[in-house]
Amino acid sequence: MAVRGPGRWLWRWRRNPLKRRADRVESWFLLASWALTLLISASAGAAVSGSVEDALARERAEWRRVQAYLTERAPGNARGDGRDSRADHVWATARWTGADGSLHTGQIRVAAGSGAGTAVDVWTDRRGRQVTRPATVSEARLRARLVGAVAALGAGVVPVAVGRAVCGRLEERRLAEWDAEWARLGPQWGRSAS
């Protein structure tokens with residue numbers, strides 16, 4: 001019959017005359033390993049999440065949008081219906097001036113058929129090198145939480161694996177003790193008192 005009620009979760013710590021020392025050691029070790037797993041996972045997740053969010057905030061603060069101008073006509077033809085889809089964009093060469101006044105050239109995606117000299121927004125870092133658009137505050141928060149969750153799961157694998165290995169070793173030891181006792185008491189099992 002299954003144990004019901006509030007003691008069901010604490011069965012490892014209840015008194016029992018059949019409980020051996022190895023059982024008590026295993027119960028306390030499991031409690032400690034789960035507590036350690038939670039502590040390590042939470043710490044790793046929070047640290048990595050904070051680090052990612054700080055890095056993305058630094059990018060938002062340092063990266064700037066500048067005007068770039070196409071140096072040549074973009075390949076392809078513009079759609080006449082006024083709709084603009086990602087499929088209608090092509091790579092073209094553009095030139096822009098960095099914050100330090102230096103000229104930079106690079107490939108950017110623009111609408112097909114854009115003429116030479118067309119102004120296009122480009123995101124640059126402090127040195128004027130082209131970068132992607134920085135993450136918004138909500139995007140950065142989401143990314144940081146996702147990366148933090150993955151880090152927490154990864155960090156939690158180590159104590160769980162160690163705990164499983166130790167519990168497996170304790171189980172082997174407990175079975176060896178039972179085998180030794182059975183070898184000692186088993187032959188007496190069928191004897192009758194004369």
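Leucine 39 lies in helix 1, which covers residues 21-62; helices here are DSSP runs of H or I with at least four residues, strands are runs of E with at least two, and both are numbered from the N terminus. This is a predicted model, in which local features need pLDDT of at least 70 and side-chain atom pairs count only at pLDDT 80 or more, while totals for chains, interfaces and linings use all residues. Residues are numbered from 1 along each chain as its sequence is written, and side-chain values use heavy atoms, with hydrogens and water left out.

Leucine 39 is exposed, at a relative accessible area of 54%. Exposed means over 50% relative accessible area, buried means under 20%, and partly exposed is in between, with a 1.4 Å probe and protein chains only. Together with Leu36 and Ile40, Leu39 makes a nonpolar surface patch of about 250 Å². Patch residues have over 30% relative accessible area and no salt bridge; like charges are joined within 9 Å, and nonpolar side chains (Val, Leu, Ile, Met, Phe, Trp, Tyr) within 5 Å. A salt bridge is a side-chain nitrogen of Lys or Arg within 4 Å of a carboxyl oxygen of Asp or Glu.

The protein chain as a whole has two helices and five strands, arranged along the sequence as α-β-β-β-β-β-α. Of its 194 residues, 25% are buried. The protein chain exposes about 13900 Å², and carbon and sulfur atoms supply 59% of that area; accessible areas come from the Shrake-Rupley method with a 1.4 Å probe, and for residues only the protein chains shown count as cover.

Helix 2 takes up residues 137-185. Its 49 residues should span 72 Å at 1.5 Å a residue, and the end C-alpha atoms are 70 Å apart, which agrees; the expected span is 1.5 Å times one less than the number of residues. Among the buried residues of helix 2 are Ala140, Ala144, Gly148, Pro159, Cys167 and Arg174. The buried residues of helix 2 pack against helix 1, where contact means heavy atoms within 4.5 Å.

The strands can be followed from threonine 93, in strand 2 (residues 89-97). Threonine 93 is buried, with a relative accessible area of 16%. Its side chain joins that of glutamine 107 through a polar contact of 2.6 Å. A polar contact is a pair of N or O atoms within 3.5 Å; within protein, one must be able to donate a hydrogen and the other to accept it, and residues adjacent in sequence count only if both atoms are side-chain atoms. Leaving aside neighbours within four places in sequence, threonine 93 also contacts residues including Tyr69, Thr71, Thr105 and Gly106.

Glycine 106 lies in strand 3 (residues 103-111) and counts as buried at 14% relative accessibility. Not counting residues up to four places away in sequence, glycine 106 touches Ala92, Thr93, Ala94, Trp96 and Gln130. Glycine 106 and tryptophan 96 are ten residues apart in sequence and 8.6 Å apart in space, C-alpha to C-alpha.

Tryptophan 96 is found in strand 2 and is buried, with a relative accessible area of 3%. The residues it touches, beyond four places in sequence, include Val66, Ala68, Leu103, Val122 and Gly128. A polar atom of the tryptophan 96 side chain lies 2.9 Å from the backbone oxygen of glycine 128. Valine 122 is 26 residues from tryptophan 96 in sequence and 8.2 Å away in space, C-alpha to C-alpha.
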